[in-house]
Amino acid sequence: MTASTPPGPGLPDGVGQRVDAVRLRVPAEPEYLALVRMVVAGTARIDPLLDDERVDDLRVIVSEACTNAIEASARRGEDASTIEVQVRLTPSRVEVVIDDVGGGFDPDQLDVLPPVTDPARMRIERGLGIPLIRALSDEAEIRSGPDGTRVRVALYAAAPVPPGVP
Amino acid sequence: MELGLELSERDGWAVLAVSGEVDVATAPRLRERLVGLVGEGRTRIVVDLEKVDFIDSTGLGVLVGALKRVRTNDGDLALVCTGPRILKVFEITGLTKVFAIHRSVDEATVRG
């Protein structure tokens, strides 16, 4: 469903600038969360775009988004659900997209959102995870539907410090 | 990622030193240990987070749950944490106002 995601909105880097992308797909199981954090943080450090504190912010963001995906998958009772994580490095920002790509939904149900009172509809507003994602990122977009949830965040590179500035 | 849990005793406080990463994979072990302590009547607890490399909202939720649990048993739960990356998560979520956060186990236990 989301395996060949085109570049989303909010990618202002100009044509011709280098954009590196790393894509990871893991089972939606708690045991893989540390691995996802490690890969995302390691990717963000390939270019010194973000300082260590922002890389730590990114680890928290990714952990929160993947935890939500893992819990959603568990609630749906799917065995073979996966999470896809894409990290894009551009000269000005690090962008991460986390897709909860649990399959097995009924296409006939695609247009039917759960009622507002349904816990499945409310889940992304629950708890501390979403506020943390929003607080720690420069941009955050969270879309949830019957076929899964997409979290897209961007962290901007710090402006280079001009030489001679203490 | 391994989660380390080391229990010691200090002036009537149960001191649980946590190390490693606290997330949805490891938090159940922390929860189980804290629930176990309260079940044994240990309701004055210090959770030492100095050797924690990572914590997210799942870990925070376990600590909040433990705080509620000790308080309903007339106990108390204090944290030890000086690491900026861990403190930042507490600050953003407003939990610095909920927990007593100390700079050392000594400070946490002497406070009485």
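Buried means under 20% relative accessible area, exposed over 50% and partly exposed in between, with a 1.4 Å probe and protein chains only. By that scale A:Ala157 is partly exposed, with a relative accessible area of 23%. Welcome to a predicted model, in which local features need pLDDT of at least 70, side-chain atom pairs count only at pLDDT 80 or more, and totals for chains, interfaces and linings use all residues. Residues are numbered from 1 along each chain as its sequence is written, chains are lettered from A and ligands numbered from 1 in the order in which they are written, and side-chain values use heavy atoms, with hydrogens and water left out.

**Chain A as a whole**

- Chain A holds four helices and five strands, where helices (H or I, at least four residues) and strands (E, at least two) are DSSP runs numbered from the N terminus.
- Along the sequence, the elements of chain A come in the pattern β-α-α-β-β-α-α-β-β.
- Chain A has 166 residues, and 43% of them count as buried.
- Among the contacts in chain A with a separation of 6 or more, 66% are between residues 24 or more positions apart; contact means heavy atoms within 4.5 Å.

**A:Ala157, after the β5 strand**

- You will find A:Ala157 in the segment after β5 (148–156) of chain A.
- A:Ala157 and A:Thr90 are 67 residues apart in sequence, yet their C-alpha atoms are 9.2 Å apart in space.
- Leaving aside neighbours within four places in sequence, A:Ala157 is in contact with A:Leu49, A:Leu50, A:Pro91, A:Ser92 and A:Arg93.

**Where the chains meet**

- The interface brings 18 residues of chain B into contact with 20 residues of chain A.
- Together, chain B and chain A bury about 1,500 Å², 63% of it on carbon and sulfur atoms; buried area is the accessible area (1.4 Å probe) that two parts lose on being put together, summed over both.
- B:Val24, B:Phe54 and B:Lys88 supply 32% of the area that chain B buries against chain A, more than any other three residues.
- A:Leu128 sits in the loop between α3 (119–122) and α4 (129–136) of chain A and is partly exposed, at 29% relative accessibility.
- Not counting residues up to four places away in sequence, A:Leu128 touches B:Ser57, B:Leu60, B:Thr93 and B:Leu95.
- Within chain A, A:Leu128 and A:Glu64 are 64 residues apart in sequence and 8.7 Å apart in space, C-alpha to C-alpha.

**A helix pair in chain B**

- Two packed helices are described by the angle between their axes and the distance between the axes.
- In chain B, helix α1 (residues 27–39) packs against helix α2 (residues 57–72) at an angle of about 10 degrees, with the axes 9 Å apart. That angle makes α1(B) roughly parallel to α2(B).
- Axes are lines fitted to C-alpha atoms, for helices over the stretch in contact, and angles run from 0 to 180 degrees between N-to-C directions. Angles under 35 degrees count as roughly parallel, over 145 as roughly antiparallel, 65 to 115 as roughly perpendicular and the rest as oblique.
- On the α1(B) side, B:Ala27, B:Leu30, B:Arg31, B:Leu34, B:Val35 and B:Val38 meet B:Thr58, B:Val62, B:Leu63, B:Ala66, B:Arg69 and B:Val70 in α2(B).

**B:Val22, a buried strand residue**

- B:Val22 belongs to strand β2 of chain B and is buried, at 0% relative accessibility.
- Beyond four places in sequence, the contacts of B:Val22 include B:Ala27, B:Leu30, B:Val52 and B:Phe54.

**Positive phi in two loops of chain B**

- Most residues other than glycine have a negative phi, and most peptide bonds are trans.
- B:Asp11 has a positive phi near 50 degrees, lies in the loop between β1 (3–10) and β2 (13–22) of chain B, and is exposed at 58% relative accessibility.
- B:Asp74 has a positive phi of about 60 degrees, lies in the loop between α2 and β4 (76–80) of chain B, and is exposed with a relative accessible area of 76%.

**Cysteines**

- The structure holds zero disulfides over all chains, a disulfide being a pair of cysteine sulfur atoms within 2.5 Å.
- A:Cys66 is buried, with a relative accessible area of 1%, and B:Cys81 is buried too, with a value of 4%.
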